[in-house]
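Student: Could we go through this protein together? I would like to understand how its parts are packed.
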Amino acid sequence: MVKIILKDSPYSIKNGNILGIKQMTESEKLFEIALEGCQRLDHEPGQFVMVSVSGAGEIPISVSSSPTNNGSFEICVRAAGKVTNALHKLEAGDMIGIRGPFGKGFPIRMLEGNDLLIIACGLGIVPLRSLIRYVFDKREDFGKVHILYGCRSPCNMLFLDEIKDWKMQKDVYFECIVDQATPDWTGKVGLITTLISGVRIDPERTFTALVGPPAMYKPAIQELLSRNVPKRHILVSLERHMKCGVGKCGHCQIQNIYCCQDGPVFNYEEIKHLKEAF
Ligand SMILES: Cc1cc2nc3c(=O)[nH]c(=O)nc-3n(C[C@H](O)[C@H](O)[C@H](O)COP(=O)(O)OP(=O)(O)OC[C@H]3O[C@@H](n4cnc5c(N)ncnc54)[C@H](O)[C@@H]3O)c2cc1C
Ligand code: FES
């Protein structure tokens with residue numbers, strides 16, 4: 001049987017050339033990728049791509065660079081299993097497969113003109129970095145920006161060089177916290193929720209973007225609701241196991257929603273009834 005995949009089909013794979021690789025921590029690497037033929041990825045912050053490595057398989061990975069980047073884009077990948085380990089063994093000049101971008105990202109038009117409270121835990125900083133860099137490139141379009149970043153320990157912190165620049169931006173308030181301090185750590189230790197309770201925001205004009213491990217969502221959302229942030233101002237990314245990325249296989253389904261297609265970014269009003277999500 002001959003399998004035909006049309007060029008514009010969501011299943012068609014584009015060739016991605018790895019332009020550069022940066023070791024970020026012991027387990028995470030940042031890959032800069034250019035699509036063959038100088039094609040633009042044209043993504044929104046919060047969207048993901050399906051990345052395939054020859055002989056290993058295909059996985060969903062968030063785009064970590066801003067759409068305002070010209071030409072190439074970036075992904076940050078933790079070595080977690082078969083495909084991610086295979087990706088970590090590649091070198092600059094190697095090719096990977098790219099499908100997408102897929103899903104719904106952060107509703108940029110809705111965020112414009114408002115203050116932002118960006119809350120990242122662990123790898124959640126990866127898709128949020130796309131939003132943060134977009135906001136900094138379009139600084140006049142947004143109000144105050146609070147960034148709260150929680151990590152297991154200081155050695156797990158990603159984008160350390162950039163964070164220095166983020167802190168220098170006008171009307172930007174950055175705070176981080178770790179679960180376990182190292183002897184040289186002078187910052188805060190504890191849960192991200194303790195940072196949320198201390199942040200000064202006007203709830204009616206603040207949109208919150210929250211990405212992290214599932215266990216963090218419930219306490220963080222409770223804290224935001226107790227601060228009177230409206231449910232539709234709370235944006236979360238639900239990352240479930242995914243295969244097709246386009247609403248066909250059902251792997252990412254929770255009740256009536258497909259995280260790959262209806263999300264991964266949702267506002268809390270839309271999904272508050274999904275007990276399985278939190
Ligand atoms: C929308 C989306 C965006 C993502 N963005 C990133 C990203 O930017 N960077 C990154 O490093 N990872 C990201 N992930 C997670 C990444 O897709 C998984 O780590 C990857 O699929 C693991 O594949 P593997 O073959 O290396 O490991 P496997 O051998 O398949 O699995 C290794 C371990 O990872 C777990 N795992 C697999 N898929 C997921 C998942 N979706 N969520 C949680 N645990 C999972 C497995 O249960 C297993 O314990 C994202 C996932 C989704 C759904
Ligand atoms: S990944 Fe196949 S339906 Fe969502």
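Tutor: Let us begin with a term: contact means heavy atoms within 4.5 Å. Helices (H or I, at least four residues) and strands (E, at least two) are DSSP runs, numbered from the N terminus. The model is predicted, so local features need pLDDT of at least 70 and side-chain atom pairs count only at pLDDT 80 or more, while totals for chains, interfaces and linings use all residues. Residues are numbered from 1 along each chain as its sequence is written, and side-chain values use heavy atoms, with hydrogens and water left out.

Student: What do the buried residues of α4 pack against?
Tutor: They pack against α3, β8 and β9 (172-178).

Student: And which residues of α4 are buried?
Tutor: Glu162, Ile163 and Trp166 are buried in α4. Buried means under 20% relative accessible area, exposed over 50%, and partly exposed in between (1.4 Å probe, protein chains only). These residues cover an arc of only 105 degrees around the axis, so they are on the same side of α4. The arc is that of the directions from the helix axis to the C-beta atoms.

Student: What does the face turned away from that buried side carry?
Tutor: That face of α4 carries the exposed residues Asp161, Lys164 and Met168.

Student: Where do Phe48 and Phe102 lie?
Tutor: Phe48 is in strand β3 (residues 48-53) and Phe102 in strand β6 (residues 95-102), so the pair ties together parts that are 54 residues apart in sequence. Phe48 counts as buried at 4% relative accessibility, and Phe102 counts as buried at 9%. Another aromatic pair, Trp166 with Phe174, is edge-to-face, at 6.5 Å centre to centre and 65 degrees between the planes. Both Trp166 and Phe174 are buried.

Student: Which peptide bonds are cis?
Tutor: The bond from Gly100 to Pro101 is cis, with omega near 15 degrees, and Pro101 lies in strand β6. A cis bond also joins Gly263 and Pro264, with omega about 10 degrees. Pro264 is in the loop between α7 (259-262) and β15 (265-267).

Student: What is the phi of Asp171?
Tutor: Asp171 has a positive phi of about 55 degrees although this residue is not a glycine. Asp171 lies in the loop between α4 and β9 and counts as partly exposed because its relative accessibility is 34%.

Student: Is Asp42 buried or exposed?
Tutor: Asp42 is exposed, with a relative accessible area of 56%. Asp42 also has a positive phi of about 55 degrees, although not a glycine, and is found in the loop between β2 (28-35) and β3.

Note on methods:
Chains are lettered from A and ligands numbered from 1 in the order in which they are written. Rings of Phe, Tyr and Trp (its six-membered ring) pair if their centres lie within 6.5 Å; planes under 30 degrees apart count as stacked, over 60 as edge-to-face and the rest as tilted.
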